[in-house]
Structure formats: structure tokens, C-alpha cells
Amino acid sequence: MKNSKSNLEVAELNAKEREVEQLQILLANYQLYYQNLRNFHWNVGGNDFFELHAKFEELYVDASDKVDEIAERVLTLEGHPLGNFSDYVAISTIQEANSNCSGTDMVKQIIQSHDILIGKVKEVLIQANENEDEGTLDILPAYVSYFEKLNWMFKAYLR
């Protein structure tokens, strides 16, 4: 007798693969976000230097932790997380940032990145919900509220 998978097992595998693919896209976007924050941290200047320099560092430290968490989730779901920056650039919606701009423009770019990340997290959550993947559903919702709060604060800063 052949060792074949049932249609349900194949459908579940495909659903898990789709979730891993969405997590890879989230990972790529997070890596670009992280690198942009480092870029801003190194290159911010002007009257808001001390405030923004410290804030950008806080954000990239948090982003580094989340990159690791996302990659470990990919591994947990039996995927292989992307590790090459060229792969990240190829599938990321977030683009490499130009740091030759004002602190205000850097903050605006960060707000845009947060909006993209919120959308990507929600895409992963839809797939995780369909897969009844409690692990991912436990981790990622906090990312949305975190970015929403940061965007509210940054928008207040820009006023």
C-alpha cells in the first residue's frame, strides 16, 4: 500500500505553507524596517537629535527582537527563514530609506513603515486563524497595537 497523504493533509500542508510564506514576507519587511531605523539612528541631526536618536535606538532594539521571534515562528512551522538581505529586498514592501533628510521626514517614513507592517501582520493573522495556529495568533496581535500606539505618538510629535 502506498504511503499517500489524504486530501485534508495536503490542504493543511498548503495552508501551513501559505502561512510560512506570509511570515517570510513579514520577516523581510521587518528586516528593512530594522535597517532603516539603524540608518536613521546613525544619521539623524538637528534640534531633535537627542530625542530622535534615542527613540530610533529603542525601536531598532525592539525590531531586532521581533525579527528573531518571526524567524523562530517560521522554524516552528517547519519552514526555513530567509536570511539573505537580497531576498528581503526582493519581497519587501518597505523600501530602503534615504537618511539624507530631516528628522521629521524620518518620522514620516517610520509611520509609513508601521502602516505597512500592520497590514502584513493582519495578512499573517488571517492565515493563522484559518490554520487554527494558536502560537502565531498568540504572538502577532500585540504587534498591531504596538504600531498603532507608536503611530499615534509620532503623529502627535509631528503636530
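This report describes the fold, the nonpolar core and selected residues of a predicted model.

## Basis of the model

Because the model is predicted, local features need pLDDT of at least 70 and side-chain atom pairs count only at pLDDT 80 or more, while totals for chains, interfaces and linings use all residues. Residues are numbered from 1 along each chain as its sequence is written, and side-chain values use heavy atoms, with hydrogens and water left out.

## Overall fold

The chain has six helices and zero strands, in the order α-α-α-α-α-α along the sequence. Helices (H or I, at least four residues) and strands (E, at least two) are DSSP runs, numbered from the N terminus. The C-alpha trace spans about 75 × 30 × 20 Å along its principal axes.

Of the 159 residues, 41% count as buried. Buried means under 20% relative accessible area, exposed means over 50%, and partly exposed is in between (1.4 Å probe, protein chains only). Among contacts between residues at least 6 apart in sequence, 77% join residues at least 24 apart; a contact is a pair with heavy atoms within 4.5 Å.

## Surface and charge

The accessible surface of the chain comes to about 9100 Å², and 49% of it belongs to carbon and sulfur atoms. Areas come from the Shrake-Rupley method with a 1.4 Å probe; for residues, only the protein chains shown count as cover.

The chain carries 14 positive and 26 negative charges, whose mean positions are 4 Å apart. Lys and Arg count as positive and Asp and Glu as negative, while His and the chain ends are not counted. Each charge is placed at NZ of Lys, CZ of Arg, CG of Asp or CD of Glu.

## The nonpolar core

The largest nonpolar core has 40 residues, and those with the most contacts inside it are Leu26, Tyr30, Tyr33, Phe56, Ile110 and Leu140. At least two residues of this core come from each of H1, helix H2 (49-76), helix H4 (103-130) and helix H6 (141-158). H1 supplies the largest share, eleven residues. A nonpolar core is a set of buried Ala, Val, Leu, Ile, Met, Phe, Trp, Tyr and Cys residues joined through side-chain atoms within 4.5 Å. In soluble globular proteins, nonpolar side chains tend to be buried together.

Tyr33 is in helix H1 and is buried, with a relative accessible area of 2%. Leaving aside neighbours within four places in sequence, Tyr33 is in contact with Leu59, Ala63, Ile94, Ile110, Ser113, His114, Leu117 and Phe147. Tyr33 and Ile116 are 83 residues apart in sequence, with their C-alpha atoms 9.9 Å apart. With the same exclusion of residues up to four places away, Ile110 touches Tyr33, Leu37, Phe40, Phe56, Leu59 and Phe154.

Beyond four places in sequence, Leu23 touches Ile70, Arg73, Val74, Leu77, Val124 and Leu140. The C-alpha atoms of Leu23 and Val74 are separated by 6.6 Å, although the two residues are 51 apart along the chain.

Gln24, in helix H1 (residues 7-43), is buried with a relative accessible area of 10%. Gln24 is in contact with Val74, His80, Pro81, Leu82 and Ile91, leaving aside neighbours within four places in sequence. A polar atom of the Gln24 side chain lies 2.8 Å from the backbone oxygen of His80.

## Exposed residues and positive phi

Ile126 is found in helix H4 and is exposed, with a relative accessible area of 53%. Ile126 and Glu19 are 107 residues apart in sequence and 8.9 Å apart in space, C-alpha to C-alpha.

Most residues other than glycine have a negative phi. Glu78 has a positive phi, near 70°. Glu78 sits in the loop between H2 and helix H3 (85-91) and is exposed, with a relative accessible area of 67%. Glu132 also has a positive phi, near 55°. Glu132 is in the loop between H4 and helix H5 (134-139) and counts as exposed at 65% relative accessibility.

Methods
Polar contact = N/O pair within 3.5 Å; in protein donor to acceptor, adjacent residues only side chain to side chain.
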